[in-house]
Amino acid sequence: MSDFTLHTLDSAPEHSKPLLEKSLKSFGSIPNLHAVMAAAPAVLEAYKNLHQLFMQTSFNAAEKTVIWQSINTEHQCHYCVPAHTAIANMMQVDQQLITALKNKQPLDDAKLQQLRDTTLALVRQRGQLNAEQVQTFYAAGYNRQQLLEIILGISQKVMSNYVNHIAATPLDDAFKPFA
């Protein structure tokens with residue numbers, strides 16, 4: 001059992017309150033991940049900023065989903081896998097891709113499979129890709145900017161996955177159908 005608090009607007013530290021208010025306004029409720037992170041205002045702010053920046057990358061919705069879910073499944077995040085399944089559905093990502101990612105199955109699209117392979121190599125090898133891995137990524141149609149943008153996505157997911165692990169963040173009702 002976790003000893004982390006699911007903060008509300010009333011219980012949150014003062015510096016987290018405006019961040020939680022933005023979450024409430026954006027989502028209609030405060031996601032449990034944000035409620036947990038609110039205990040450390042800088043963590044919540046950093047996570048929200050990383051998410052916003054990752055949303056501005058050159059990747060399309062399917063590619064963002066590949067990056068997020070590759071990391072989430074690798075880290076076995078009980079919270080983020082269903083959360084990003086819900087998000088992928090909202091972003092109108094192909095259902096076959098969503099299912100394959102969630103179940104760690106091969107992807108039908110070779111370019112997306114290469115994106116997944118590169119993302120997982122970066123995670124597993126702690127950023128130490130060899131020249132062949134980098135060239136294979138580029139040959140699939142990606143570029144240097146996108147290689148760096150994957151690292152941004154990894155940064156975001158490390159924060160959320162690790163927080164969810166240590167806090168045993170309960171799944172929001174909205175994500176339960178995707179568990």
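A residue counts as buried under 20% relative accessible area, as exposed over 50%, and as partly exposed in between (1.4 Å probe, protein chains only). The model is predicted: local features need pLDDT of at least 70, side-chain atom pairs count only at pLDDT 80 or more, and totals for chains, interfaces and linings use all residues. Residues are numbered from 1 along each chain as its sequence is written, and side-chain values use heavy atoms, with hydrogens and water left out.

The protein chain has 9 helices and 0 strands. Both are DSSP runs, numbered from the N terminus (helices: H or I, at least four residues; strands: E, at least two). The radius of gyration of the protein chain is 17 Å, close to the 16 Å that the globule rule gives for 179 residues, so the chain is as compact as a globular protein of that length. This radius is taken over C-alpha atoms, and the rule is 2.2 Å times the number of residues to the power 0.38. Along its principal axes, the C-alpha trace spans about 50 × 30 × 30 Å.

Of the 179 residues, 47% count as buried. The accessible surface comes to about 9400 Å², and carbon and sulfur atoms hold 54% of it. These areas come from the Shrake-Rupley method with a 1.4 Å probe; for residues, only the protein chains shown count as cover. Among contacts (heavy atoms within 4.5 Å) with a separation of 6 or more, 66% link residues 24 or more positions apart.

Gln156 sits in helix 9 (residues 144–167). Gln156 is buried, with a relative accessible area of 0%. Neighbours within four places in sequence aside, Gln156 is in contact with Tyr47, Leu50, His51, Phe54 and Trp68.

The count of salt bridges is 3. The rule asks for a side-chain nitrogen of Lys or Arg within 4 Å of a carboxyl oxygen of Asp or Glu. Arg124 pairs with Glu74, their closest N and O atoms being 2.8 Å apart. Arg124 lies in helix 7 (residues 110–124) and Glu74 in helix 4 (residues 61–74), so the pair ties together parts that are 50 residues apart in sequence. Glu74 is partly exposed, at 25% relative accessible area. Asp173 and Lys176 form another salt bridge, at 3.0 Å from N to O. Asp173 is exposed, at 61% relative accessibility, whereas Lys176 is partly exposed, at 47%. Glu14 and Lys17 also meet in a salt bridge (3.6 Å, N to O). Glu14 is exposed, with a relative accessible area of 59%.
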